[in-house]
Amino acid sequence: MTGFELDALGAAVERPDEEAKRARREQLSSTASRGRLDDLSGWLSGVQGTAPPRPLERVRMLLLGGEAPGTVDLAAAVGCQVHAMTASGSGTAVAFRSGVEAVDAQVDRGVDLLVLAVVDPAVDVPAGALVGLLTRTDASAVTSRGATIDDAGWMTRCAAVRDLMRRGRPVLADQVELLDATGSPALAAATGVLLQAAVRKTPVLLDGPATAAAALVAQRIAFRAVDWWVASHRSPEPAHDRALDRLGLEPLLDLSIRTEDGTGALLAVPVLRAAATLGT
């Protein structure tokens with residue numbers, strides 16, 4: 001992966017269809033307002049290029065970092081198939097391209113919606129560092145205390161986030177080097193997923209802080225790409241709010257789900273399905 005390749009990807013991203021989005025709003029204007037569902041239905045029309053939007057029949061989760069207990073069962077319950085990927089041991093370029101290739105494979109099969117989750121247990125510190133750097137926030141404000149971390153443990157983690165931020169700060173202008181500096185193949189793969197999904201005009205449902213961190217990097221490469229994503233839920237993790245605010249994304253759910261295993265994203269799938277069939 002080179003800076004030129006990233007520039008080419010960024011240039012290939014177009015905005016969703018504003019005419020279809022506008023037409024959907026007009027279709028819904030004569031019915032009782034359903035608040036955020038109306039907005040989501042318009043968004044779906046925009047990303048699909050048709051009003052009303054098509055039902056979301058082929059939903060696929062890309063689970064980066066490995067499998068998570070219970071995730072497959074929950075995915076089955078909401079009608080979503082799971083494709084687990086691992087990028088461990090890969091360099092940034094290889095991991096990024098694996099994300100791009102995974103999207104191409106799914107879109108070529110006719111997927112309607114991608115659900116993105118990162119379950120790599122080593123991703124918390126790199127994700128926090130990326131969010132801190134890209135939102136110009138101190139390490140202490142983006143470092144998780146988790147559910148059981150004591151003060152000493154938090155201070156150790158905070159120092160690790162701060163160290164990664166120091167490594168990344170000199171290369172902020174180069175997204176390839178920035179991903180290299182954070183040292184997380186899973187985040188590089190997630191960035192590839194998010195960019196290529198936007199290139200292939202395929203909507204993505206984001207999970208927690210790690211996917212939001214990758215989205216911040218992808219947004220710097222292609223500012224229009226964020227229009228193809230929706231945030232599923234708001235995590236109690238401090239980095240998540242910072243990232244979503246910078247992305248301009250309002251989450252669909254707020255269930256205090258801290259674990260980043262795809263649960264929050266999967267629970268938002270029925271909400272999007274409802275929005276797709278609104279008024280039919």
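This briefing describes the fold, core, selected residues and salt bridges of a predicted model. The chain contains 13 helices and five strands. Its radius of gyration is 18 Å, which agrees with the value near 19 Å that a compact globule of 280 residues would have. Of the 280 residues, 54% count as buried.

**Overall dimensions and contacts**

- The C-alpha trace spans about 55 × 40 × 30 Å along its principal axes.
- Among contacts in the chain with a separation of 6 or more, 72% come from residues 24 or more positions apart.

**The sheet and the helices across it**

- The five strands form an open sheet in the order β2-β1-β3-β4-β5, and the pairing is parallel.
- At the edges are β2 (80–85) and β5 (229–231), each of which pairs on one side only.
- From one strand to the next, the twist averages 25°.
- Strands of a sheet pair through backbone hydrogen bonds, in either a parallel or an antiparallel sense.
- Within this sheet, the parallel pairing of β1 with β3 extends over six bridges, and Arg60 has Leu114 in β3 as its bridge partner.
- Helix α10 lies across β1, β3, β4 and β5 and runs at about 165° to β3.
- Helix α13 (residues 263–276) lies across β1, β2, β3, β4 and β5, with a direction at about 135° to β4.

**The nonpolar core**

- Nonpolar side chains tend to be buried together in soluble globular proteins.
- In this model the largest nonpolar core comprises 94 residues, and those with the most contacts inside it are Leu194, Leu205, Trp229 and Leu272.
- Helix α10 provides the largest share of this core, at 10 residues.
- Leaving aside neighbours within four places in sequence, Leu272 is in contact with Leu40, Trp43, Leu44, Leu56, Leu113, Leu205, Val230 and Leu252.

- His240 is located in helix α12 (residues 238–247) and is buried, with a relative accessible area of 1%.
- Beyond its neighbours within four places in sequence, His240 is in contact with Asp207, Gly208, Pro209, Ala212, His233, Arg234 and Ser235.
- Gly128 belongs to helix α6 (residues 124–134); a relative accessible area of 3% makes Gly128 buried.
- When neighbours within four places in sequence are set aside, Gly128 is in contact with Val142 and Val161.
- Although Gly128 and His240 are 112 residues apart along the chain, a distance of 8.8 Å separates their C-alpha atoms.

**Salt bridges**

- The whole structure contains 13 salt bridges.
- One of them joins Lys201 to Glu14, with the closest N and O atoms 3.1 Å apart.
- Lys201 is in the loop between α10 (185–199) and β4 (204–206), and Glu14 is in the loop between α1 (3–12) and α2 (18–28); the pair therefore ties together parts that are 187 residues apart in sequence.
- Another salt bridge is formed by Asp112 and Arg58, whose closest N and O atoms are 3.2 Å apart.
- This second pair also links distant parts of the chain, 54 residues apart: Asp112 is in the loop between α5 (92–108) and β3 (113–118), and Arg58 is in the loop between α3 (36–48) and β1 (59–64).
- Asp112 counts as buried at 10% relative accessibility, because the cut-off for burial is under 20%.

Notes
Residues numbered from 1 in each chain as written. Predicted model: local features only at pLDDT ≥ 70, side-chain atom pairs only at ≥ 80, totals over all residues. Heavy atoms only, no water. Salt bridge = Lys/Arg side-chain N within 4 Å of Asp/Glu carboxyl O. Helix = DSSP H or I, 4+ residues; strand = E, 2+ residues; numbered from the N terminus. Buried < 20%, exposed > 50% of the residue type's maximum accessible area, 1.4 Å probe, protein only. Contact = heavy atoms within 4.5 Å. Pairing = 2+ DSSP bridges. Axes fitted to C-alpha atoms, helices over the stretch in contact; angles between N-to-C directions. Core = buried A, V, L, I, M, F, W, Y, C linked by side-chain atoms within 4.5 Å. Rg over C-alpha atoms; globule rule 2.2 N^0.38 Å.
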